Structure formats: C-alpha cells, structure tokens
Amino acid sequence: MTSSKIERITVKASGVYDVLVGRGLLSECGSYVKEVSQAEKIGLITDDNVNALYGDAVQKSLESAGFSVCRFVFPHGEQSKNTDTLVKIWNFLCENSFSRSDCLAALGGGVTGDMTGFAAATYLRGMDFVQIPTTLLAQVDSSVGGKTAVDLAGGKNLVGAFKQPKLVLCDIDALDTLPDEFFTDGMGEVVKHGMIKSAKLFELLEKYDLKTLRENKDVLEDVIARNVAIKRDVVQADEFDTGERMKLNFGHTLGHSIEQYYNYTGITHGQAVAAGMKMITGIAERHMLAEKGTCERLAKCLDGYGLNVSVEPTPEQLGSACLNDKKRFGDTINVIVCCDVGASMIKKMPVESFFAMLSEASE
C-alpha cells in the first residue's frame, strides 16, 4: 500500500473495529474493506455531490479488491434523511438480491452514514457495513459509535438503531474538496469534544482558526485523531447512551430544536450545535453551574471557525421542541453542562425547571 502514515484507533464496543485516519485511504479502500469483510457484493450508498467527486474511484478500488459493486445515489442534504429515502435503499437492496453476508459502504457525510447504517441494521434483520466519511463532521463524530437514524417531521434522529460498523476510513485528503461552510459545520463537533472532555484539545483549537487549521494538514490529522479517540472512549464506556455518552450531546438539545425551527434549511448542524452550546453555557454561568468566563472563551473559539452565529428563536421558543429530545425521561430531562472547558456533567432536572431556565434566559 502507498498511503502515508496511518493512525489506527480501535473501538471495542459490541463489535470491535478500527478507525483509520490518514491520507490516500479512498483510493485504497477496497484492500482495507477486504481485511474485514468476506462479502461478495458491496452496496455503495452515496449522495449526488460525493458521487461526482469520489464514487468512481471508490467503486474501482472495491472492484479491484474482488467485490461486485452496486451503487445507490440519492439527493444530497438533510432533507433526504427520511423514511422515503430509507425505503428506496431497502428496495434497491432487494432488487439487487443482496444477502445477509453482503456488505454496505457509506460514502459521504453524516446523512449518508446514518441512513446506510440504519439500512444495514434493518435489512434482512442485519448486515455488515463500513463507513467511508468524506466530511469533517462525519470523520470526527457521526461515523464512530454506531448511532444510526432518520429524521421525522417531529424531530431529528427520532427513528434509528445502534449498529456498529466493521471499519471506518477517514481520508484527510477528502476534506480538500470540502467547502469552508461544511468544514465549519464539522468544527462544531470538534469544539464540542474539547469542551466536554479535553482542555488540551480546546487549547490547541484556540491556537488556530478556520484558514490556518485547513492549511496545516499534520495538525488537522492530529485534531481528527484526538476527536476519534475521545468519541471511542465515551462509546466504550456507554455504548447505548444511558449515561456517560449523553455528554456527547452537549449543545444538541437546543441545537436540534434550532434545526427543527429552521426546518433543517439555512443553518447547518454545526452552526445549530454551536448556538446551542453557547446558549446553554450562558444559562449555566448565570445559574453558577459553570465557571465565570467559560461562555466567553467558548464564543471566541467558535468565532475563529465561523461558528459564532446568532439565531432567531429565543431559548423559550425552543423549549417545546425539547420535549421530543432523547434525553427526556418522563417529567425529567438530562441537561449537559460544561462547568469549565474540558469538564462536563449530566444534570438531571424537572422539565418544568428546565423550561423556567429557558424562559428566564429569554427575558
């Protein structure tokens, strides 16, 4: 193989698999997939944007490794992450006579990975899949950990399953074609990981901004590997999201409500999460749940990566959408708070008290 140095991070969950971080992985993906799969056929699932960039190269590599490849391409965007597209994927697998011993490959961002994983978890009651993430967001977050889902009108990721991949290939070179808007989108999750688990990662991010981080591939590769390791550690401690893993949802309770408010258009997931992180940290400071100055430091870092955005809805307006959040249990909700940079906690509170905090913050 001709790749440069590859970092291998092993995830030991219900399934054990490697996350490879490096350069040149797309053109060599077939040989890596061959190491973990005995499938005869690969279902390559991707969107129209990514297909135009990498579909042919990935299919060629898979075929060179001996796989028969069938490709399914859907329209890009969060609007495609729904049951209609999922049914089309199921029908595609049926029409092409896929068996349980075959394998799916998710080539693209978080939408592609989530839907492909859910299809793999459910078609014929389960088949293998691999993740080949091409966005920063997918590489540092959604491709690792086994969460799969589609959106409903009532909220994001409300129907899904836990399904661990057999392999994750994070090719740094794929980020070269990523527009700044989508790189910024991924940085929302990168900053989040620093806030909840690693002051050292956060301090590293403070030394760069969007432009300088993109230009320094060695640092970028290190940042991605650190993020994957953080995600790995949390998933291994709490694979099924009943405790520690909830911390990964810092900023997401309000962030998902913001996305829903805008009907998933005009604001990216990373921008919404950034707004949610800043909003909940400001509230936490006012209630002495976070060290003074934490929100200001967070906002400054977000600003450097184009994420210091203002949103139209007030915290109070976002409250009702939070009722569908997966961290709500009956009359209580688990609120993720960063008491300081690199330190987070899960605060369980009555929904009524949470709403009161949001209402107060809106005044």
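Buried means under 20% relative accessible area, exposed over 50%, and partly exposed in between, with a 1.4 Å probe and protein chains only.

1. Basis. This is a predicted model, in which local features need pLDDT of at least 70 and side-chain atom pairs count only at pLDDT 80 or more, while totals for chains, interfaces and linings use all residues. Residues are numbered from 1 along each chain as its sequence is written, and side-chain values use heavy atoms, with hydrogens and water left out.

2. N96. With a relative accessible area of 27%, N96 is partly exposed. N96 sits in the loop between helix 3 (83-95) and strand 5 (103-108); helices (H or I, at least four residues) and strands (E, at least two) are DSSP runs, numbered from the N terminus. Neighbours within four places in sequence aside, N96 is in contact with K41 and C70, where contact means heavy atoms within 4.5 Å. The C-alpha atoms of N96 and K41 are 9.7 Å apart, and the two residues are 55 apart in sequence.

3. S37. The loop between helix 1 (29-36) and strand 3 (41-47) holds S37. S37 counts as buried because its relative accessibility is 4%. Apart from neighbours within four places in sequence, S37 is in contact with F67 and C103. A polar atom of the S37 side chain lies 3.1 Å from the backbone nitrogen of A39.

4. Strand 2. Strand 2 (residues 16-22) has six of its seven residues buried, so the rest of the structure largely encloses it. Strand 1 (residues 7-12) pairs with strand 2 in the antiparallel sense over six bridges; two strands pair if DSSP finds at least two bridges between them. A hairpin of three residues connects strand 1 to strand 2, and I9 has V19 as its bridge partner in strand 2. Strand 2 also runs parallel to strand 9 (residues 167-171), joined by five bridges, with G22 opposite D171.

5. Cores. A nonpolar core is a set of buried Ala, Val, Leu, Ile, Met, Phe, Trp, Tyr and Cys residues joined through side-chain atoms within 4.5 Å. The largest such core has 71 residues, and V19, L136, F183, M187, V191, L205 and I224 have the most contacts inside it. Not counting residues up to four places away in sequence, L205 touches M187, V190, V191, V223, C301 and Y305. A second, separate core has 23 residues, including L20, I42, V58 and C103. In soluble globular proteins, nonpolar side chains tend to be buried together.

Definitions and conventions:
Polar contact = N/O pair within 3.5 Å; in protein donor to acceptor, adjacent residues only side chain to side chain.
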